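User: I am new to this structure and would like to learn how to read it one feature at a time. Please show me the case here each time.

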Amino acid sequence: MPRSAFLDLARPSRRHWLGYLLLAPAVLLIALIIVYPLFVSVDLSFQNVNIARLDQPRRPFTTANYERLFASEDFWNACWVTFKLVTIVSFFCFLLGLGTALLVNNRFKGQALARLLVALPWAIPEVIAVVIFAWLFDSSFGLMNWLFIKVGLVDQTINWFSSPDAAFAVVCTVMVWKGYPFVSIMMLAGLQSIPEDFYNAAKVDGARAWQRLIHITIPSLMPVIGVTLVLVMLWVFRDFSIIYVLTGGGPLKATQSLSIMTYEQAFGFFKMGYASAIGVITLIVCVIASRLMIARAPDNI
Amino acid sequence: MAGIRIDSVTKSYGGLTVLKAFSLDIADGEFVVLVGPSGCGKSTMLKILAGLEEASSGTIAIGERDVTDLAPGDRDIAMVFQNYALYPHLTVARNMGFGLKMRGTDAAEIDRRVNEAAKILGIGHLLERRPRALSGGQRQRVALGRAIVREPQAFLMDEPLSNLDAKLRVHTRAEISALHKRLRVTTIYVTHDQTEAMTMADRIVIMKDGVIQQIASPDVMFREPANLFVAGFIGSPGMNFLKTKAQAVGGGVTAKLFGHDVKLPIANAAALAGREIVVGLRPEHIAAGAGQVSFTVTPRLIESLGSEQYVYVDLPEEHRRDAGSGGEDESRRTSLIARLINPEPRPPEATLTLSFDPARLHVFDAASGEAIR
Amino acid sequence: MKRKTTRHALLYAGVVLTCAILVFPIYWLVVTALSEPSLLRQLPPSFWPSEPRWGVFGQIMAEKPILLWLGNSALAAIGAVSLSMVVSVLAGYSLSRFRVRGGQSLGLFILTAKMLPATLLVIPLFGIFRNLELIGSLWSIILAHATLIIPFTTWMLKGYFDTIPRELEHAAMVDGCSPLGAMVRVILPVSAPGLAATALYGFVLSWSDYAYARTFLTNAQGNWTANLGITTMKGEYISNWSDISAASILVALPILAIYLVLERYLVGGLTAGAEK
């Protein structure tokens, strides 16, 4: 079958063209729906715009959004809330994720089922998780209030969503429940890549179970732990659905993270220029964090 | 079937040249083995020949056709890979018939040829299985079968035996040789194993660092290695090398070996006198007991294989070559191995008299490593 | 011997207890859905309704446009996954097999794109889609979800293609395939499990989205996705947890089903997508 020599990508000298050809659709699409919007976003953050209108001429350049932002108490409050959330949720996600992973990594009958169950919350959409916990923490008939009174932790029902601290605690609970399965899955993958011989050698050397955990398991998991930690922190940092549907950022902005504040400013108050400025700040944090992760990734590209 | 002409093919990645001016004429029906240590460029050459990689410069012709920039599928060649590369989603029969199908051969003809090839290789009963249900040896046969059914101008084989266990490797080696005798298809076979090269090849091309070291038949390669590298690579265990100095004596040249002045088997003696040389002596050319040149040693280690014995001896300091001169490992530089056939049992650590025939010595220039004859 | 038995019993107790606590919220969702609304206002609560009202699912489907919402979610997910898979398969294959100038930077960018907050992109996308008059249409969601999915699927697929020996394409090309033919006839069929797992993962990402749907579809009731529908139910029926729970189960079911299928691949897929 004669082929045109020029277009014949099977020829050794033409084959690398195919590499570019295959990348082209992705590059084009990514440029259109990710790169271009990112530019628009940065551009908006330097304009005094309320509703983003691309068909209108560009407003004059201004740094007013950023000046207002850094002077705003709400912004620093949102930073503090976000920081607390990231720290607390990541910590408990790790505790629970690593714990469950170590637990179901033991060999026992029904291990497959246990592994399935332990990571099950992964399969619950965030919005549904919120529905579940909103009902569990319902102030009048929620199971948690009943349980807390029954156990004697409190003597009257708590109105979970009108107390700043309580609402924050509920947000953390939902996020931990939704987030730990990812840690668990990653840790299990990590655990399974530790050669059995390490443990056998340690056993021969007389290491106890907890010594094996400290001296073999944790160090071997370190690379996976690093990557997972960054991913979990970024997830908490970015998360919108859980907080927005559960509390909307309230009460008294006690759960208003940077993501929520961005969204509120953009679509609640229609201050998209200002919102973009917050978004750009979050973008910078995300980029730095992901670069850190890439640098630490076990087998880099 | 056709001959292959490779003319000064070069391959470089950026600044790194992995193949330097490779030229080779292969006769129709010839079995040529490219051999060398890993990274010597032999696999790259094979991929360029197959059209899987682009040559940086040079030309390749199969038959009378210039195929330098032709697609692999248009070159009329078949290839056998180290990991067999069988299509996991296709049955054995479809694996073997895939190439014919791609060329639009009709189904009945494909069936006929697949069955014929399967009969030759004794895999008729496997035709409906998937590759993952086969043993390593069976997969290897299917890979050969896939090459055979195409009835190509040439077979290219890239270390096809290295994934087999030792016993099966020897067996399959003989089978490939037999297959070649039967089909007489030009074959280019790449391996790092000098035994495979010696047993299968009509001609061996030995390579190092992207450069051809010698092209010769196995016998010539063994008897007249072109340089130190070839001499050390071919043969098992490899040749022993002793550093020494050539001295002119009368019409000939001698060198001091183990305290004796030994006459070297060299025609052009005059130019050599006073130069640093390396003398090579194959382990199997050393005999136990006194002979023409005898020396007494205390073996460091004796390995007995029943029918033969390997005697390891520390080389005297004056015969050791400089570190890093040959690129082989340290122990070969500092020791001498004697391979004794049908040996008597002997206690280790007793002294032992060994001897050799000076006519068997190989002489190399110490600086360039080239053979001197 | 005795110590071993004790340890085993402890292990089992630990596993059962942990699973029970962690899965309890899901169990409670089911109990709530199956209980009469009046029953839910009784204390102490009952941990399994005496008369489970299995008809609740049919009833809720009749009362609320749940099927429409599920259909919209499915359309959006299928659209976004199809679009993403086409470009990701090609790009992932290219990144895995070809040394393309700028390929490494592109890979890094895609990796970073995985970490982008939706709340950042949603603003410019809102402006762009308004300009294109896509607000309220499922197309806005399909394109927005593609921004979520493409970075994930491209990396997962690149990782999967990396595990397939190059010799397979080489064999196919020697057998007469063009490079594209080798990919279509050999590599893609061989990658079927990886393609399926990746597509399902993309489906999960799209199905779980709330931010984009909330922003682009709120004023277009006919195009509401399941998650958006559920949250509006939560807003209006503050007391009818039973119905919301029933609807929530219907929304979670596809993802749960995918999870059961995918669980084995998930470990490999998530880690490949994450580490690289």
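This is a predicted model: local features need pLDDT of at least 70, side-chain atom pairs count only at pLDDT 80 or more; totals for chains, interfaces and linings use all residues.

User: What is the phi of Glu151(B), and where is Glu151(B) found?

Analyst: Glu151(B) has a positive phi of about 45°, although it is not a glycine. Glu151(B) belongs to the loop that runs from helix 4 (136-149) to strand 7 (154-158) of chain B. Helices (H or I, at least four residues) and strands (E, at least two) are DSSP runs, numbered from the N terminus.

User: What is the phi of Asp209(B), and is Asp209(B) exposed or partly exposed?

Analyst: Asp209(B) is not a glycine either, and its phi is positive, at about 50°. In chain B, strand 9 (203-208) and strand 10 (211-216) are the elements on either side of the loop that holds Asp209(B). Because Asp209(B) has 16 C-beta neighbours inside 10 Å, it counts as partly exposed.

User: Is the peptide bond from Ser236(B) to Pro237(B) cis or trans?

Analyst: That bond, from Ser236(B) to Pro237(B), is cis, and its omega is near -10°. Pro237(B) sits in the loop between helix 8 and strand 11 (240-249) of chain B.

User: How is chain B divided into domains?

Analyst: Domain bounds come from an automatic or database assignment. In chain B, domain 1 covers 4-231 and domain 2 covers 236-372. The C-alpha centres of domain 1 and domain 2 of chain B are 37 Å apart.

User: How many residues of domain 1 of chain B are in contact with domain 2 of chain B?

Analyst: Two residues are in contact if their C-beta atoms lie within 7 Å. In chain B, eight residues of domain 1 are in contact with eleven residues of domain 2. On the side of domain 1 of chain B that touches domain 2, helix 6 (194-200) and helix 8 (228-233) are the elements that give two or more residues. Helix 8 of chain B gives the largest share of that side, three residues.

User: What are the domains of chain C, and how far apart do their C-alpha centres lie?

Analyst: Chain C has domain 1 at 2-41 and domain 2 at 57-275. Their C-alpha centres in chain C are separated by 32 Å. The contact between them takes seven residues from domain 1 of chain C and seven from domain 2 of chain C.

User: Is Trp224(C) buried or exposed, and which residues does Trp224(C) touch?

Analyst: Trp224(C) is buried, because 21 other C-beta atoms lie within 10 Å. Trp224(C) is placed in the loop between helix 10 (211-217) and helix 11 (226-236) of chain C. Leaving out residues up to four places away in sequence, Trp224(C) touches Trp69(C), Asn72(C), Leu217(C) and Gly229(C). As for Val89(C), it is 135 residues from Trp224(C) along the chain, and their C-alpha atoms are 29 Å apart.

User: How many helices and strands does chain A have?

Analyst: Chain A has twelve helices and zero strands. The C-alpha trace of chain A spans about 65 × 60 × 35 Å along its principal axes. Of the 301 residues in chain A, 45% are buried. When contacts in chain A between residues at least 6 apart in sequence are taken, 67% join residues at least 24 apart.

User: How many residues of helix 5 of chain A are buried?

Analyst: In helix 5 (residues 126-136) of chain A, eleven of its eleven residues are buried, so the helix is mostly covered. Among them are Glu126(A), Val130(A), Phe133(A) and Trp135(A).

User: How many residues does chain A give to its contact with chain C, and how many to its contact with chain B?

Analyst: The contact of chain A with chain C takes 83 residues from chain A and 83 from chain C. On the side of chain A that touches chain C, helix 1 (residues 15-45) of chain A supplies the largest share, 18 residues. The contact of chain A with chain B takes five residues from chain A and seven from chain B.

How values were computed:
Residues are numbered from 1 along each chain as its sequence is written. Chains are lettered from A and ligands numbered from 1 in the order in which they are written. A residue is buried if 20 or more other C-beta atoms lie within 10 Å of its own, exposed if 12 or fewer, and partly exposed in between; C-beta atoms are placed from the backbone.
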